[in-house]
Every structure is written in structure tokens, then in C-alpha cells.
Amino acid sequence: MSRLISRRLAWVYILVVTLLAVSGTMQMPIASRYRIVAVPGLGWLGNFWLTHKLHYLGASLLLVLVGDLATRWMLEWRRSHVLTPFGLTRAALVAGLILTGAVRVLKNLPNVSFSPEPIMLIDWTHLALAFLLGLLALARRWTKASYLRPR
Ligand code: HEM
């Protein structure tokens, strides 16, 4: 099967999601508590301001990437290909991460406030979706399944 998505673009996706996963995990924050900052070269993970900005950078890059892929899917690829259950699940997880992430961005704005219960639900959902995206990637590797197949 010819590749719809170039190897280079696939690597960009992997790097962006890795940046989001690392910077997101550091928002909890665990780097100082579990002495990750003591590992030579990893001290910067304890800089909350930096990892927060990196998470926003990763989120912006992800939005550009998803916008590009979704446009090409709508205009061209969906005529010749379908998403497998793995592909559908990944699309749903990424959409959920963008949605819940956007609410968290709103919550961080100085003049916006939400009541604690719904925002806690959003926080936990964002974290759970990130965890599930990691599990899905592992399961896909393990089963050697693909995300797309020709019609
Ligand atoms: C693959 C995609 C993503 C992954 C793996 C990811 C992962 C994470 C993790 C693990 C956390 C910390 C968990 C928690 O505190 O509950 C977090 C927090 C956050 N994420 Fe994401 N995230 C992703 C995408 C996004 C996107 C697309 C946005 C914005 C549109 C976003 C915005 C945020 C915000 C604002 C926070 C909270 C930062 C703070 O404490 O102020 N994330 N993310």
C-alpha cells in the first residue's frame, strides 16, 4: 500500500505528541517531588514555567498538524481510504485531548473562572485521554495493525 502520510510527517507527529506527553506530565508537577530534576540534564523539567510554555507550543503544533491532515482527509483521502477501528479511536482520542485542552487553556485565562467540579472532570478526562493515547499506540505496535486501509 502506498503511504498517504510521508515518513517525515509521521515523525513530526511522534515528536509533537512526545513533547506534549513530557511537558504535560511535568504540569502535575512530579519532576521535583520524584527527584527527576536530580538526573543530570533533566533539571529543566522542574521549571514549571518552561514546561508550561512547551505544552502550549506542542498544542499549537498539534493543531496545525491536525488541521492539515483533517483538510486533506476531507478533500481527498476519504474517497480512497477508510479509518480502521484503531484509526477511529486515535482520531477520537486526539479530538478529545484538543477539546479538553482548550477548556484548560480557557481556565488559565485571568478573567475566566469555572466551578471546581466540572473543571476537575475536564482535568481528569484530559489526563485519561493522554494515557489512553499512549496505550493505543502500544497496542497498535503490538498487533501491527494499521490506522487506515484502502476502500
Ligand atoms: C497528545 C496530546 C496531549 C497530551 C498527551 C497531553 C497531556 C497532558 C497532561 C499529561 C497534562 C497534565 C495532566 C493534568 O494535570 O491533569 C496536561 C495538561 C494540560 N494540557 Fe495537555 N496534552 C495534550 C494536548 C493538549 C492540547 C491540544 C492542549 C490545548 C489545546 C492542551 C492543554 C493543556 C493544558 C492547558 C494543561 C494544564 C496546564 C496547567 O496546569 O495549567 N493539551 N496535558
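Just after helix α4, Lys-144 takes a positive phi of about 55 degrees. Helices here are DSSP runs of H or I, at least four residues long, numbered from the N terminus. Keep in mind that this is a predicted model, where local features need pLDDT of at least 70, side-chain atom pairs count only at pLDDT 80 or more, and totals for chains, interfaces and linings use all residues. Residues are numbered from 1 along each chain as its sequence is written.

Step back into α4 itself: its 28 residues reach 40 Å from first C-alpha to last, close to the 40 Å expected at 1.5 Å a residue. That expected span is 1.5 Å times one less than the number of residues. Helix α3 (residues 85–108) agrees with the rule too, since its 24 residues should span 34 Å and its end C-alpha atoms are 34 Å apart.

Over in helix α1, Ile-14 is exposed because it has 11 other C-beta atoms within 10 Å.

Then there's the ligand. It is surrounded by 22 residues, with Gly-24, Ala-59, Gly-101, Arg-104 and Ala-130 the closest. Helices α1 (7–25), α2, α3 and α4 each supply at least two residues of this shell, and α3 gives the most, with seven.

Definitions and conventions. A residue is near a molecule or strand if its C-beta atom, placed from the backbone, lies within 6 Å of it. A residue is buried if 20 or more other C-beta atoms lie within 10 Å of its own, exposed if 12 or fewer, and partly exposed in between; C-beta atoms are placed from the backbone.
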